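Visitor: I am new to this structure and would like to learn how to read it. Could we take a few features in turn?

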Amino acid sequence: MPLKAPETAPTATIAFNRLLIIMDDLRANCPWDKKQTLESLRHLTIEETYELSDAILGGDMPEIKKEIGDIMLHLVFYAKIASETNDFDITDVLNSVCDKLINRHPHIYGDVEVQNEEDVKRNWEQIKLKEGNKSVLGGVPASLPALVKASRIQEKARGVGFDWEEKSQVWAKVEEEMQEFKNEFNAEDESTIDHEKAEAEFGDLLFSLINYARFININPENALEKTNKKFIKRFQYLELKAQESGKQLHDMSLAEMDIFWDEAKKL
């Protein structure tokens with residue numbers, strides 16, 4: 001299938017070229033921008049990515065637009081730095097990702113036929129192995145947060161057919177892992193509890209819950225973050241009400257705090 005430029009291409013090209021020109025100016029003339037390296041930008045990029053994630057979860061479209069722009073700036077910045085050492089430039093980056101997308105979508109740019117999304121994912125992983133990846137799981141970044149990493153590991157394993165067939169099987173595994181975790185704390189004498197083994201069982205339980213979430217199309221990272229935000233909102237209401245009552249939380253009984261907590265749940 002031939003590539004066709006979208007109608008917005010000229011406008012987008014002008015805007016992107018404007019960003020490249022500004023980046024050149026900043027790198028040449030701004031004392032802060034001159035000093036930056038790939039390493040110094042890394043933690044800032046991570047921060048910007050989390051800010052985009054927050055905006056997405058909040059459904060704040062103006063903020064999403066802003067954060068996408070910030071990340072785009074970082075990507076252009078990395079390419080600019082690499083061009084100064086003749087390693088690659090932004091053109092190399094863009095052509096590389098275009099080539100990869102064309103190669104990994106043979107059902108669009110070739111003669112491969114697919115029936116559904118699962119076929120696409122399966123083809124994607126098989127093509128990656130042909131490109132030189134030694135393991136299906138090799139593309140999962142080691143530094144990913146553990147919960148996100150568990151999701152990606154499971155998705156990639158599923159892409160090559162290593163998965164449960166029914167969600168009932170997955171839930172049975174959750175219950176099995178829950179029982180194994182509980183068994184580690186049944187001892188009356190707490191000193192006899194093997195905390196290392198209990199930690200391992202808790203990890204297995206979390207992994208199985210994440211697996212079940214995937215089967216019912218729930219993103220566990222999003223679900224947990226929404227619960228975090230909900231807890232923060234309710235706890236801050238509790239703090240406010242305690243302050244209005246002239247009390248400190250550490251001086252209140254749990255029953256007193258529960259009254260304000262129940263109020264917060266109704267908001």
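Visitor: At what angle do helix 1 and helix 4 pack?

Guide: Keep in mind that this is a predicted model. Helix 1, residues 9–29, packs against helix 4, residues 61–84, at an angle of about 60°, and their axes are 10 Å apart. Angles from 65 to 115 degrees count as roughly perpendicular and those under 35 as roughly parallel. That makes helix 1 oblique to helix 4. The crossing of helix 1 past helix 4 is right-handed.

Visitor: Which residues of helix 1 and helix 4 meet?

Guide: From helix 1 come F16, L19, L20, M23, D24 and R27, and they meet M72, L73, V76, F77, K80, I81 and E84 of helix 4. Sorted by class, this contact of helix 1 with helix 4 has 9 nonpolar and 4 charged residues, and no polar ones.

Visitor: Where else do two helices cross, and at what angle?

Guide: Look at helix 8, residues 146–159, and helix 10, residues 195–215: their axes come within 10 Å and cross at roughly 60°. That makes helix 8 oblique to helix 10. Helix 8 passes helix 10 in a right-handed crossing.

Visitor: What classes of residue make up the contact of helix 8 with helix 10?

Guide: Begin with the residues themselves. In helix 8, L147, A150, S151, I153, Q154, E155 and R158 meet F207, I210, N211 and R214 in helix 10. By class, the contact of helix 8 with helix 10 has 5 nonpolar, 3 polar and 3 charged residues.

Visitor: How is the length of a helix read, say for helix 3?

Guide: Its reach can be set against the span expected at 1.5 Å a residue. Helix 3 covers residues 38–58, which is 21 residues, and reaches 30 Å from its first C-alpha to its last, close to the 30 Å expected. Just after helix 3, G59 takes a positive phi of about 65°.

Visitor: Which residues of helix 3 are buried?

Guide: Buried means under 20% relative accessible area. In helix 3 the buried residues are L41, T45, E48, L52 and A55. These buried residues of helix 3 pack against helix 2 (31–35) and helix 4.

Visitor: Is E177 buried or exposed?

Guide: E177, which lies in helix 9, residues 167–183, has a relative accessible area of 6%, so E177 is buried. Leaving out residues up to four places away in sequence, E177 touches E201, D204, L205 and S208.

Visitor: What is the relative accessible area of L94?

Guide: L94 has 38% and is therefore partly exposed. The residue belongs to helix 5, residues 90–103. Separation in sequence and separation in space can both be given for a pair. L94 and T45 are 49 residues apart in sequence, and 19 Å apart in space from C-alpha to C-alpha.

Visitor: Where is N86 found?

Guide: N86 sits in the loop between helix 4 and helix 5. N86 has a positive phi of about 60° although it is not a glycine. With a relative accessible area of 72%, N86 is exposed.

Visitor: What is the phi of N217, and is N217 buried or exposed?

Guide: N217 has a positive phi of about 60° and is not a glycine. The loop that holds N217 runs between helix 10 and helix 11 (220–244). Exposed means over 50%. N217 counts as exposed because its relative accessibility is 73%.

Conventions
Residues numbered from 1 in each chain as written. Predicted model: local features only at pLDDT ≥ 70, side-chain atom pairs only at ≥ 80, totals over all residues. Heavy atoms only, no water. Axes fitted to C-alpha atoms, helices over the stretch in contact; angles between N-to-C directions. Helix = DSSP H or I, 4+ residues; strand = E, 2+ residues; numbered from the N terminus. Parallel < 35°, antiparallel > 145°, perpendicular 65-115°, else oblique. Left-handed = near helix turned anticlockwise from the far one by under 90°. Contact = heavy atoms within 4.5 Å. Nonpolar A, V, L, I, M, F, W, Y, C, P; charged D, E, K, R; others polar. Expected span 1.5 Å × (residues − 1). Buried < 20%, exposed > 50% of the residue type's maximum accessible area, 1.4 Å probe, protein only.
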